Structures are given as C-alpha cells and as structure tokens.
Amino acid sequence: MSTYDFPQDLRDAQIALHQAQSEYTRYARDLPWSAEPMAGWEADKQLHSGYRPSKPDSPGYTEEQHRQVTAFRARLLELGTLVITHPYWQTLSGTDVFTARMQLKHADDRPDAPGAGPVDEAA
C-alpha cells in the first residue's frame, strides 16, 4: 500500500473539515425536523407491521438557528473546496488520486483507535 506525504496545510484543512462536520452534526441533532413551521402528520400503518410513521408539529428554525446552519454550511463548503482543489492533487495521477484522497481522510487517526493501525496485507 502506498503512503503519501501530504502537505501540512492539506492535513490541517482535512482535520478542520472533519471537526466542522462533527460540530454541525451535533448541532443539527437538536433542530426541529423542518426548517419552516410545518404541521405534523401520521401516515397509514405499514404493511405486515404495526408501525405507523408520524412526525409532530415542527415550530421551524429560529432566526438564530437559520444563521447558525447557514454559517456551518458555508464553513463546510469553504473547507471542502480547500481540500479538493489543493494543488497537491495535481502531483498525482490515475488511481493514486483516489487512493490518496481516501488515505487523507484517515491520515491523522489515532493509532490506538479501534480499527486503526497497520494493515496486514498478507491476510
């Protein structure tokens, strides 16, 4: 398996992208299911099941929540663009580009994290 020597600014951008995505995901968990006020609903019972899908009324996002989501999305777009348009990618060709991009996503994983560590290619 090839290893790539990523520039530090690219590694930093990828780490910032992961952190921003994680923060946005945590923030979004507590948001109402609809950005705009919307009445709840209950669907028909599912075939061969007692499950009846439903949603409660949604008050919609507050102005602050709208601002926060917009800021998160702008930051994610900025960081994602920085990572995918970095000049480093021009130094690679063919399948190396794909392999390197996948490796970058895990370049700073902790070695003691579950699933991390050396891969036994003989297995």
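Residues are numbered from 1 along each chain as its sequence is written, and side-chain values use heavy atoms, with hydrogens and water left out. Local features need pLDDT of at least 70 and side-chain atom pairs count only at pLDDT 80 or more, whereas totals for chains, interfaces and linings use all residues.

The protein chain contains three helices and two strands, assigned as DSSP runs (H or I, at least four residues, for helices; E, at least two, for strands) and numbered from the N terminus. Along the sequence these elements follow the pattern α-β-β-α-α. Of the contacts (heavy atoms within 4.5 Å) with a separation of 6 or more, 65% join residues 24 or more positions apart. Buried residues (under 20% relative accessible area, 1.4 Å probe, protein chains only) make up 24% of the 123 residues.

The mean pLDDT, the predictor's confidence in each residue from 0 to 100, is 89, and 88% of the residues score at least 70. Over residues 112–123 the pLDDT is below 50, and this stretch has four contacts in the model beyond near neighbours in sequence. Where pLDDT is low, predicted coordinates should not be read in detail.

His86 is located in the loop between helix 2 (63–84) and helix 3 (95–104). Because its relative accessibility is 10%, His86 counts as buried. Its side chain reaches the backbone nitrogen of Tyr88 at 2.9 Å. Leaving aside neighbours within four places in sequence, His86 is in contact with Pro7, Asp9 and Leu10.

Definitions and conventions. Buried < 20%, exposed > 50% of the residue type's maximum accessible area, 1.4 Å probe, protein only. Polar contact = N/O pair within 3.5 Å; in protein donor to acceptor, adjacent residues only side chain to side chain.
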